[in-house]
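Opening the notebook on this one. I want to look at a strand pairing and then at a ligand site.

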Amino acid sequence: MIVVAVHTPSRLGRWLVSGPPLAYLIVFFALPSLIMVLASFRTPGEFGGLAPLIEEGKLDLNLESYARFFSESVYAQIFLKSFGYALLTTLFCITLAYPLASLIARSSRRYRDLLLLLVILPFWSNFLIRIYAWMILLGPNAALARTVNRVLAWFGHDPVPLLFSAFAVLVCLVYVHLPFMVLPLYANLEKHDQALLDAAQDLGANAWQRFWRITFPLSLPGVYAGAALVFIPAFGIFAIPDILGGPEDSLIGNVIKQQFLETRDWPFGSVLSIVLTVVALAFAGLAAWVARGNLRTPSSARGSRA
Amino acid sequence: MALLEIQNVTRRFGDFTAVDNVSIGIEAGEFFTLLGPSGCGKTTLLRMIAGFDLPDGGRILLKGEDLVDRPPERRPMRMVFQSYALFPHMTVEGNVAFPLQMAKTPASEISAKVEAALEDVRLTGFDKRYPHELSGGQRQRVAIGRALVTHPSVLLLDEPLAALDAKLREEMQIELINLQKEVGITFVYVTHDQTEALALSHRIAVMNKGRIEQLDVPSKIYGFPKTRFVADFIGHINLLSGSVSERQGGVITLAVEGLGPVRVTSASPISVGGAGTIALRPEKIRIQSSAPTDSPDNHYRGTVGDLLYMGDVTVYKVSIPGGTRIEALLANSQSGRAKFFEIGDAVEVSWPVDAGHLIEE
Ligand SMILES: Nc1ncnc2c1ncn2[C@@H]1O[C@H](COP(=O)(O)OP(=O)(O)OP(=O)(O)O)[C@@H](O)[C@H]1O
Ligand SMILES: [Mg+2]
């Protein structure tokens, strides 16, 4: 009994530990979300913002902004497009991060920290500055665009601009989110037990079979974690299409920003934000659900070289 | 020619020689054990046989074919890893089916073969479990079943029982013996546990510092150790060193310092003056309160210095006035009798001339 009592933190202790982060989440996440949900049911003000909540003694709450969202298909289309960009970004990130993460996981301890440092190095400079850097890299006078267009010219093709295009947006989306895929994937791959691969090889598996039957399924928790970290922010992004995209490349993040800052239709902006959150959460939930089926035994996956 | 031929195999790591010019021929159907202390190169040798590592010198042949160009996945041998190395994301069935799938076995035959392999290792009914839902002994059996399912010509086992507790280890040893008899597959077994090696093997190679010290059947390894190292490594033993003072027929007399002349039968061609060691097992020594007066045996007076009651037997450490200590072992066959002598008792130790075994130095 005494042992149990010692190991159970007191009620006060528990509150002291979990209190501050909880308070932070309530003040800066739960309350604003609640305000946004409330705003989505209100009427836009005459000159932007919100109309008074109580008008002529009556509570002014309505579903008009929701009705507008569901009646104008253009918004669903933008959602679909944003979803597509985010999905493509996630897929490209997986493809690029996988070899990188396994290279780092397999390199000697000495170089590992250095390589990880290089992966997170971009975070040391400002997000917007990095996006503007792509503007220069993809600009019409930069080597990349000139080379591409020279090659196109050989094939008798007209020159194409790289900047202000879906291409530019995607390249930058992948570039910005790549570390978020590399890090969880590395953390997963680094824990893999070499004895399992030796055993698979001993049992007749060639290099591809060892990857596909052992390494890849065991890395799925890392892939899902990375996918969530890439997909969710990529889904709502507005800065990259703003700076690098053409008029066609507006994503849902841009539309939401527009609603709040330019059109100043706060209720409709709130509706779009809520839909964005719900779709992203649903997607993350789906990924977690799929992952659970594959997350059988993380703890027994370890062992030592025999 | 033996099934598996290891010819002058050497493996160096930098200027350290882990396996030093080892030659072994392992016959089909044999239970062969590599025995030696930690770091003597057992795993290194086994990994070269499996193909995970290549020798710096020498050859490894299976049925006369040099294996140098065959990667592990193309050698008809299977390894059982000390850590089991079960695939955690696959069920028992999935684990055992894996090598069959790799061998492109028709899907229709797989489940019957898996079933048969699980029966061999007495795990019928466990096929839907995941490795983390099994006990240590059950995991070990899955690892063995998975290795046996394709009927390899050689099974390589690297300290497969090291992680199990003593009782389970003994059970698994008996199962391994029976299994090996049943499937008739050649086992190459690595262990640093001498009793395990003696209990399981048809033949044992005792390794030390990358070399083979002695390769023989268990009773010869135990009874006639060729070197001091082997004698010392396998069980308890008295080692009496000295120089040969007399040779008469098949009996050699060794002048042992601190004890006196000790006679031993030996076919060794050692000449008078040569250095030798007599290896003498404690259970071969008689311990009595008075001397057998007229006997050709070696016999010495002493006092009981220490004793260790171990239940079935008691070990007596007898101090001889010259300074030598002789370890003798007496079975407590009479029930309720803990020991025959007390510390300080004057005793006489004796052994026949053919009880010891001479090791030349
Ligand atoms: N890859 C390697 N690089 C350098 N030295 C190694 C390597 N592998 C093994 N060794 C050395 O070779 C020697 C033999 O190692 P090995 O693993 O074969 O020993 P072992 O007999 O299996 O020991 P144990 O009973 O502890 O498993 C050891 O001294 C070890 O340090
Ligand atoms: Mg070893």
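Before the strands, a term: I call two strands paired if DSSP finds at least two bridges between them. I also keep in mind that this is a predicted model.

Entry one, the strands. I looked up β12 (residues 251–256) of chain B and found that it pairs with β13 (residues 260–265) of chain B in the antiparallel sense, over six bridges. Picking one position, I see T253(B) opposite R263(B) in β13(B).

Entry two, the ligand site. Which residues sit around ligand 1? I listed F13(B), F16(B), A18(B), S38(B), G39(B), C40(B), G41(B), K42(B), T43(B), T44(B) and E159(B). By type, that shell divides into four nonpolar, five polar and two charged residues. I then checked where they come from: in chain B, β2 (16–26) and α1 (42–50) each supply at least two residues of the shell. The largest share, three residues, comes from α1(B).

For S38(B), I find a side-chain N or O atom 2.5 Å from an oxygen atom of ligand 1. For C40(B), a backbone N or O atom lies 3.2 Å from a ligand 1 oxygen. G41(B) puts a polar backbone atom 3.0 Å from an oxygen atom of ligand 1. Last, I looked up the area: ligand 1 taken alone exposes 630 Å², and the protein buries 62% of that.

Key: Residues are numbered from 1 along each chain as its sequence is written. Chains are lettered from A and ligands numbered from 1 in the order in which they are written. This is a predicted model: local features need pLDDT of at least 70, side-chain atom pairs count only at pLDDT 80 or more; totals for chains, interfaces and linings use all residues. Side-chain values use heavy atoms; hydrogens and water are left out. Helices (H or I, at least four residues) and strands (E, at least two) are DSSP runs, numbered from the N terminus. A residue is near a molecule or strand if one of its heavy atoms lies within 4 Å of it. A polar contact is a pair of N or O atoms within 3.5 Å; within protein, one must be able to donate a hydrogen and the other to accept it, and residues adjacent in sequence count only if both atoms are side-chain atoms. Accessible areas come from the Shrake-Rupley method with a 1.4 Å probe; for residues, only the protein chains shown count as cover. Ala, Val, Leu, Ile, Met, Phe, Trp, Tyr, Cys and Pro count as nonpolar, Asp, Glu, Lys and Arg as charged, and the others, Gly among them, as polar.
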